[in-house]
Each structure stands twice: as structure tokens, then as C-alpha cells.
Amino acid sequence: MDEIKQQALEKISAFVDGELADDEIADVVDALASEPELQSAWSEFQLIGDILRATPAPAVDVTAQVMAALAATPEEAVESGFSSQKPKRSVSL
């Protein structure tokens, strides 16, 4: 992709994100009106933004499990699968 197209795509991305300088908006709108490739990029950027805004981050709370493991006595930790001790090896001679 040539440098001019790349710059245009960066400006469209900034425009979609609300980060484009006011004095550059008219140039981007003019480019969008005349370039089908840039119109396609505009649509893709809008779609990506819509998806990112609509998709909540997964809510995973492992706090209770971690706190329980930290508070466990060594016997409870071993029984529940948490152990700070390395397994002992038996050596046969």
C-alpha cells in the first residue's frame, strides 16, 4: 500500500475514534466521498468499533479461590491440590 493511502487510512481511523484534528476533518470527508476503497475502510472501522463497544469484557473473578488457597493451612492446601512443598523422590540403590 502506498504511503498516501496509508496516511488516509490513519486519518480515517483517527476520525472514527474522535481523535482527528478539526482542521483535517473536511479533507477526510472529501476523500471518503470520492474513494470507494476509503469508504470500505470507513465501514470496517465503524464495524470494529461497534463490536468493541458491544462486547463486554469477560467477568472472571478468582479472588475467592485465591484467597481461600492463601488462607489454607498446609494440610488443607495439600488436600485441595495446593502445595508449596516439592514432591519427595525415592531413590533405589
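Lys-11 and Glu-24 form a salt bridge, with their closest N and O atoms 3.3 Å apart. A salt bridge here is a side-chain nitrogen of Lys or Arg within 4 Å of a carboxyl oxygen of Asp or Glu. Because Lys-11 lies in helix H1 and Glu-24 in helix H2, the pair ties together parts that are 13 residues apart in sequence. Helices (H or I, at least four residues) and strands (E, at least two) are DSSP runs, numbered from the N terminus.

The model is predicted; local features need pLDDT of at least 70, side-chain atom pairs count only at pLDDT 80 or more, and totals for chains, interfaces and linings use all residues. Residues are numbered from 1 along each chain as its sequence is written, and side-chain values use heavy atoms, with hydrogens and water left out.

Leaving aside residues up to four places away in sequence, Lys-11 touches Leu-20, Glu-24 and Val-28; contact means heavy atoms within 4.5 Å. The C-alpha atoms of Lys-11 and Val-28 are separated by 6.9 Å.

The whole structure holds four salt bridges, among them these:

| Pair | Closest N and O atoms |
|---|---|
| Glu-35 and Lys-5 | 3.1 Å |
| Glu-37 and Lys-5 | 3.5 Å |

Lys-5, Glu-35 and Glu-37 are linked in a network of salt bridges. Lys-5 is partly exposed, with a relative accessible area of 22%. Glu-37, at 44%, is also partly exposed. For these classes, buried means under 20% relative accessible area, exposed over 50%, and partly exposed in between (1.4 Å probe, protein chains only).

Two surface patches follow. Patches are made of residues with over 30% relative accessible area and no salt bridge; like charges are joined within 9 Å, and nonpolar side chains (Val, Leu, Ile, Met, Phe, Trp, Tyr) within 5 Å. Asp-22, Asp-23, Asp-27 and Asp-30 form a negative patch; Asp and Glu count as negative, and the place of a charge is CG for Asp. Asp-22 sits in helix H2 (residues 22-34) and is exposed, at 67% relative accessible area. A nonpolar patch of about 510 Å² is made by Val-60, Val-62, Val-66, Met-67 and Leu-70. Areas come from the Shrake-Rupley method with a 1.4 Å probe. Val-62 lies in the loop between helix H3 (36-54) and helix H4 (63-71).

Overall, the protein chain has five helices and zero strands. Of its 93 residues, 11% count as buried. The chain exposes about 8000 Å², of which carbon and sulfur atoms supply 57%.
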